[in-house]
Amino acid sequence: VSFAPLSPSLSLSHHIIFLLNMPSMSTLRLTSARPALRASGPAFRLSQTSVRRGAPLVRAMEGEIATLVGGITLGGLTGAALGALNGRVSTLETGGSASSSSSSASAVRPVTKAEVLEVQKNWAGAIAACSKIYKDNGDYIGAAGDAASQLYAYGHSNVLFKPTKAAQYPFRPTAGEAMSYFVGGKVVDNGYDEDGGFAINGGKGWASCVYKNHKIELVGGIGIAMGTYDFTDATDGSVSTVEYTFGYRRCDDGKVRIFLHHSSVPYGSGSGPAPVTEAEVLDVQKNWAAAIAGCSKIYKDGGDYIGAAQKAAGDLYAYGHSDVLFKPTKAREYPFRPTA
């Protein structure tokens, strides 16, 4: 076995220890190569090596063990395949042991209470902002996407998300499924019909969201918060209280994001929505009549009457929230319209 370090500053023995007892091996040549993958330690290249039967090569790499059985020819392997990375040890073993130096990787900075509160403030602000943008006919979908990328750890780690108003698909492990929940299943690719758009309150909008933390616990570098938040309806001013558990972690870019989000209505409050009032019936009727006149005018003016009709239908009909029994006036061949 010959070692030929290219730089005297690289201490090969510090990073990798070999215990050899392989009588059936040809010459093994290990040369240090330029640093790769991690700046904290050199990578290594194994070349011109043949391992015969009866001489297994066992290596430990990034905490995993792999065995290359005799008869396999190895050539041009980099540190990702053989090297000792971040102080871990690779071992050629036929009965022995090796020890490694401690990892030189720096620890991730723990999440602080102030950072948890900051994410909560931004989350609440994003809900109110998306509702306002939707009301003003702006790009609420784009705004929700931008907010989600800043607030949730999708693309950085696994995300455990169980939304409040999700029955058929209660868990949302992907960013696309989360977007379906927040902006509505009908406005995103592969969205779910059960999603009416929580960030816009199904079209009614939220005026505000206020967090009330029961407890914030900082443990193992992450933050966990439990409590309730109050959502104020932008249309009638009613307040909905929801219970939550959030988990916050620092991502690889240094930013603290949500990796755990579980929301549910308080126990005993699931008996159903409040009864419909006569005033609410009259209000829907007024808005329905205005939408008909509004779409007609937009069409006459050469505007986007289709978009206006879709928005009005989303506000006025329960598609996506429940079954809809719709029998239009001028419909003979297909008299019933159960879908949006």
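This is a predicted model: local features need pLDDT of at least 70, side-chain atom pairs count only at pLDDT 80 or more; totals for chains, interfaces and linings use all residues.
Local features were considered only at pLDDT of at least 70 and side-chain atom pairs only at pLDDT 80 or more, whereas totals for chains, interfaces and linings use all residues. Residues are numbered from 1 along each chain as its sequence is written, and side-chain values use heavy atoms, with hydrogens and water left out.

The protein chain contains 6 helices and 12 strands, taken as DSSP runs (H or I of at least four residues for helices, E of at least two for strands) and numbered from the N terminus. Of its 340 residues, 34% are buried; here buried means under 20% relative accessible area, exposed over 50%, and partly exposed in between, with a 1.4 Å probe and protein chains only. Contacts (heavy atoms within 4.5 Å) between residues at least 6 apart in sequence join residues at least 24 apart in 51% of cases.

Y229 touches W123, C209, V210, Y211, S240, T241, V242, Y244, F246, H261 and S263, not counting residues up to four places away in sequence.

Helices α2 and α3 pack at an angle of about 170 degrees, with their axes 9 Å apart. This makes α2 roughly antiparallel to α3, a label for angles over 145 degrees, while under 35 counts as roughly parallel, 65 to 115 as roughly perpendicular and the rest as oblique. The axes are lines fitted to C-alpha atoms, for helices over the stretch in contact, and angles run from 0 to 180 degrees between N-to-C directions.

R250, in strand β11, has a relative accessible area of 11% and is buried. Its side chain reaches the backbone oxygen of R109 at 2.7 Å, and a polar contact of 2.8 Å joins the side chains of R250 and E115. A polar contact is a pair of N or O atoms within 3.5 Å; within protein, one must be able to donate a hydrogen and the other to accept it, and residues adjacent in sequence count only if both atoms are side-chain atoms.

Y154 lies in the loop between α3 and β8 and is buried at 16% relative accessible area. A polar atom of the Y154 side chain is 2.7 Å from the backbone oxygen of R172. Y154 and T174 are 20 residues apart in sequence and 6.9 Å apart in space, C-alpha to C-alpha. T164, in the loop between β8 (160-162) and α4, is buried at 17%; leaving aside neighbours within four places in sequence, T164 is in contact with Y181, V242, S263, S264 and V265.
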